[in-house]
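Trainee: Could we go through how two chains meet, one question at a time?

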Protein chains: 2
Amino acid sequence: MRSFEEHRAAVEARIARWCAEMPPNELHAPMVYLMQLPAKRVRPVAVLMAHELFGGASDGAMEEALGIELFHNFTLMHDDIMDEAPLRRGRPTVHAKWNVNTAILSGDAMLVRTYMQMAADARVMALFNEHALGVCEGQQQDMAFEQRDDIGLEAYREMIRLKTAVLLACAMQVGAVRAQATEDDVQRIGQVGEHLGLAFQLRDDLLDAFGDPDKVGKQVGGDLRAGKKTWLLIRGLERSREQGRAELLEELAKSPADRDVPRMIRVLNELGVRAEAEAEVAMHDATALAALEAIQVPVERKRPMQELSALLMARTH
Amino acid sequence: MRSFEEHRAAVEARIARWCAEMPPNELHAPMVYLMQLPAKRVRPVAVLMAHELFGGASDGAMEEALGIELFHNFTLMHDDIMDEAPLRRGRPTVHAKWNVNTAILSGDAMLVRTYMQMAADARVMALFNEHALGVCEGQQQDMAFEQRDDIGLEAYREMIRLKTAVLLACAMQVGAVRAQATEDDVQRIGQVGEHLGLAFQLRDDLLDAFGDPDKVGKQVGGDLRAGKKTWLLIRGLERSREQGRAELLEELAKSPADRDVPRMIRVLNELGVRAEAEAEVAMHDATALAALEAIQVPVERKRPMQELSALLMARTH
């Protein structure tokens, strides 16, 4: 059984080989650029871990692991256009470095390259297609939410489930399917991935508002300053309404540069939203571990995935 | 054996059913809109014809035929963004009717929906992936050509082969593969599709410059006015250089609105470029028919595809 870091090193090696094999043209250069930015590789490692969990060989699902990472980076390339984001992991986004048309087209070709990695197994294809469509639906809801002020926590949860958690679930299910897991086990590992994914995303939101700026590597409160509708802000507005408090609405009425972000963070603390979010993270993590528990394989095989959960929960950036 | 029109009616019925099944949301509405615009459906009909040619049932490759048409419309949705085109078949393009972000995302989901149609057969998937990547490469070359003034006829031919002819070749090969055709026959039918595709595209260029405006349904010479690097213009510039004539360069130096398009058309005629292009169309058509000839199936099965060739050659719009 490989550890997280061992899987990660194997994934990096496969990615390096893939990058070296790409034709050196303007269609492929943006893909290679994005794939070479420093990244945690959580999703491809999840494919390999799920594969080993069900008795597969360490590298037995490496092609699909690469495919999942390609798909993730394809979504980044196109999402960054839609969000007009200038930076990704501290480096220029593809549309900023090249141009929008190149980012559209290179992204399209990257989705085709994703499918080249997935084509060997019809069961993998069916799983992946369904999840890929879910990710598109999540992004569509995310864009629609930006135009609206009445998003409830339930709608937000569904959006974030589709946009981010579903891909981690898909990654684990693909690894399981390649190891000939039963349909029931594929469902169970999907629950593991989905709840870890939800915990992971919510942890991101928490770190943005309450993280240590030195460790997070950026100013805290960036989402709050931008008025981004995260779990924290949506729940904060709900609780404010219940308790008749106006601070968050006052701050949101200002332009981003004028917002008193420390005041917003203080209010979220006072409303108990931070504690609630931390409880929600712990709940998702526990649900994921319980789903893992229910899978009937030798316990020692479960260790790397428990390690993954601990890593995701302990991270400070 | 079905005629072109019979296949076309069957394709239209399948598309109508597909449109009715799509969820009524902003991710899918643009796909349905584009799929419902009036269209010739040459590519999906080509799938079905190739399938019947090799002994397949009339509707035996209908899912893949739908997939090919979805893919074609996906490329239209994204190409129209890149070209900033306001109209498609006389109707607003998706990014004009909705917005650019919706067109990017709905296009992405349309590519996923394409793969849902292709997933049943690993051989189909391998074929399709290779061709889909070729189409992206063709579009990339097309965009690069717009920035350059030194495109030769060979580079243009390769671009147009990738961007348009390859998809007709792919359509026919997918139909053949679904009918269990041999590898040699799959290669042969690919030649039929590729040369018909090249003839089809060059015929388009010819109609734009020399067609009957009443039948073409738009002002002739639109490509020339825009200075678009078609086969005709590239060859016209080559012949002008050989013969020391300056009219085309003079007109291209003007702004589009000031160009004397009738003069450009007259010069292309005088240089013999029109006649050359017509000879090239006839050559591609003959090459396609010869490749069809070499396929060992009962001759009566070849009739619909010969009819397709005749239809493409005779068309006036």
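Mentor: Buried area is the accessible area, found with a 1.4 Å probe, that two parts lose on being put together, summed over both. This is a predicted model, in which local features need pLDDT of at least 70 and side-chain atom pairs count only at pLDDT 80 or more, while totals for chains, interfaces and linings use all residues. Residues are numbered from 1 along each chain as its sequence is written, chains are lettered from A in the order in which they are written, and side-chain values use heavy atoms, with hydrogens and water left out.

Trainee: What is the area buried between chain A and chain B?

Mentor: Carbon and sulfur atoms give 76% of the area buried between the two chains. Within the part that chain A buries against chain B, A:Leu105, A:Val112 and A:Leu133 supply 19%, more than any other three residues. The whole buried area is about 2,800 Å².

Trainee: How many salt bridges are there between chain A and chain B?

Mentor: A salt bridge is a side-chain nitrogen of Lys or Arg within 4 Å of a carboxyl oxygen of Asp or Glu. Between chain A and chain B, the count of such pairs is zero.

Trainee: Why do the copies meet through the same surface?

Mentor: Contact here means heavy atoms within 4.5 Å, and the contact takes 31 residues from chain A and 31 residues from chain B. The copies meet through the same surface because the interface residues of chain A that are also interface residues in chain B amount to 100%.
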